[in-house]
Amino acid sequence: MSSGLYLHDTGEGRETLVLVHGFAGSHRIWDGVLPFLSAELRVLAPDLPGHGRSLDLAGAGKAKACAAAVINALDERGVNHFHLAGHSFGGAVAVLMALQVPERVKTLTLLAPGGFGPEIDGDILAQRARASDAKAMQAALEAMMGQGKAVSQAMLDHAMQLAERAGQREKLIEISDLISHGGRQGAFPKAMLEALGMPVRVAWGTADAILPVRQSDGLPSSFAVHRFEGLGHMLPEEAPQAMADLLSEAVDTSS
């Protein structure tokens with residue numbers, strides 16, 4: 001029986017990279033990253049439950065359920081080994097995937113991941129979830145960006161296209177309430193992070209208004225941590241080439 005999860009499949013190659021978007025995104029947040037990746041790399045990017053083409057799937061806003069949904073979708077396609085990356089809430093999903101099937105995850109790259117500390121700006125998430133017109137959406141996106149980073153027309157158009165799907169705005173409001181409770185989020189115990197045996201890279205913008213960059217402090221010594229000066233929370237869209245370079249490095253060094 002099909003999982004029903006939408007999984008965008010791009011490219012061919014012996015190496016597979018799975019890209020997991022964050023809150024209020026879709027597989028299209030990686031559009032700017034893809035051109036900088038090797039054409040010989042197969043890239044799979046899901047729409048998580050409650051988002052985009054997976055809007056009506058169960059488990060929206062629950063990282064463990066989302067992780068299971070992505071693994072099931074990969075199972076259906078016979079994808080046994082893969083490199084894995086996740087942004088924001090998708091970073092928390094990616095961590096849970098790597099803990100659930102560690103023998104299948106070759107490398108793990110986390111971009112401003114959720115779950116690395118209790119602090120979270122739930123007000124900005126709620127603002128993004130409730131945005132119902134272009135002006136409100138632009139203001140919400142600007143709050144998530146880094147210093148002097150403009151919201152591109154493509155980024156705004158993508159966000160509006162998602163928001164205009166019937167039921168999407170209501171679902172995002174529901175998810176934002178699940179992710180943030182009074183400015184707090186669930187956090188992984190350090191022992192869980194230390195259990196990740198594959199190579200792990202973590203990227204964070206120093207001007208992240210959603211998840212403070214200090215959450216990248218004190219991580220397991222085996223993690224490679226990259227801090228990007230002046231970048232905000234939307235790393236795949238603010239710095240697509242830099243994120244692609246990080247992903248390519250992960251793939252190349254493990255081959």
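These are my notebook entries on a predicted protein model, going from the whole chain down to single residues.

**Ground rules**

I number residues from 1 along each chain as its sequence is written. The model is predicted, so I keep in mind that local features need pLDDT of at least 70, that side-chain atom pairs count only at pLDDT 80 or more while totals for chains, interfaces and linings use all residues, and that side-chain values use heavy atoms, with hydrogens and water left out.

**Entry 1: the whole chain**

I looked up the secondary structure and found nine helices and seven strands in the protein chain. Helices (H or I, at least four residues) and strands (E, at least two) are DSSP runs, numbered from the N terminus. The radius of gyration is 17 Å, close to the 18 Å that the globule rule gives for 255 residues, so the chain is as compact as a globular protein of that length. That radius is taken over C-alpha atoms, and the rule is 2.2 Å times the number of residues to the power 0.38. I also noted that the C-alpha trace spans about 45 × 40 × 35 Å along its principal axes.

How much of the chain is buried? I got 55% of the 255 residues. Buried means under 20% relative accessible area, exposed means over 50%, and partly exposed is in between (1.4 Å probe, protein chains only).

Next I checked contacts, meaning heavy atoms within 4.5 Å. Of the contacts in the protein chain with a separation of 6 or more, 74% come from residues 24 or more positions apart.

**Entry 2: α3 and its two partners**

Two packed helices are described by the angle between their axes and the distance between the axes. Axes are lines fitted to C-alpha atoms, for helices over the stretch in contact, and angles run from 0 to 180 degrees between N-to-C directions.

I started with α3 (residues 122-130) and α4 (residues 134-144), whose axes come within 8 Å and cross at roughly 150°. That makes α3 roughly antiparallel to α4. The cut-offs I use are under 35 degrees for roughly parallel, over 145 for roughly antiparallel, 65 to 115 for roughly perpendicular, and oblique for the rest. α3 passes α4 in a left-handed crossing. A crossing is left-handed if the near helix is turned anticlockwise from the far one by less than a right angle, and right-handed if clockwise.

On the α3 side I found I124, L125, Q127 and R128, facing M137, A139, A140, L141, A143 and M144 of α4. Sorted by class, this contact of α3 with α4 has eight nonpolar, one polar and one charged residues. Ala, Val, Leu, Ile, Met, Phe, Trp, Tyr, Cys and Pro count as nonpolar, Asp, Glu, Lys and Arg as charged, and the others, Gly among them, as polar.

L125, A126, R128, A129 and R130 in α3 meet R169, L172, I173, S176 and I179 in α6. I count six nonpolar, one polar and three charged residues in this contact of α3 with α6.

**Entry 3: α5 and its neighbours**

Which residues of α5 (residues 153-163) are buried? My list is M155, L156, H158, A159, M160, L162 and A163. These buried residues pack against α3, α4, α6 and α8 (235-238).

A134, M137, Q138 and L141 of α4 make the contact with M155, L156, A159, M160 and A163 of α5. I found eight nonpolar, one polar and no charged residues there.

Most residues other than glycine have a negative phi, and most peptide bonds are trans. I still found A24 with a positive phi near 65°. A24 sits in the loop between β2 (16-20) and β3 (42-46) and is buried at 7% relative accessibility. A112 also has a positive phi, about 45°, although it is not a glycine. I placed A112 in the loop between β5 (105-111) and α3, buried with a relative accessible area of 0%.

**Entry 4: two more residues**

Is S180 buried or exposed? S180 is buried, because its relative accessible area is 11%.

E194 lies in helix α7 and is partly exposed, at 49% relative accessible area. I noted 9.1 Å between the C-alpha atoms of E194 and F223, 29 residues apart along the chain.
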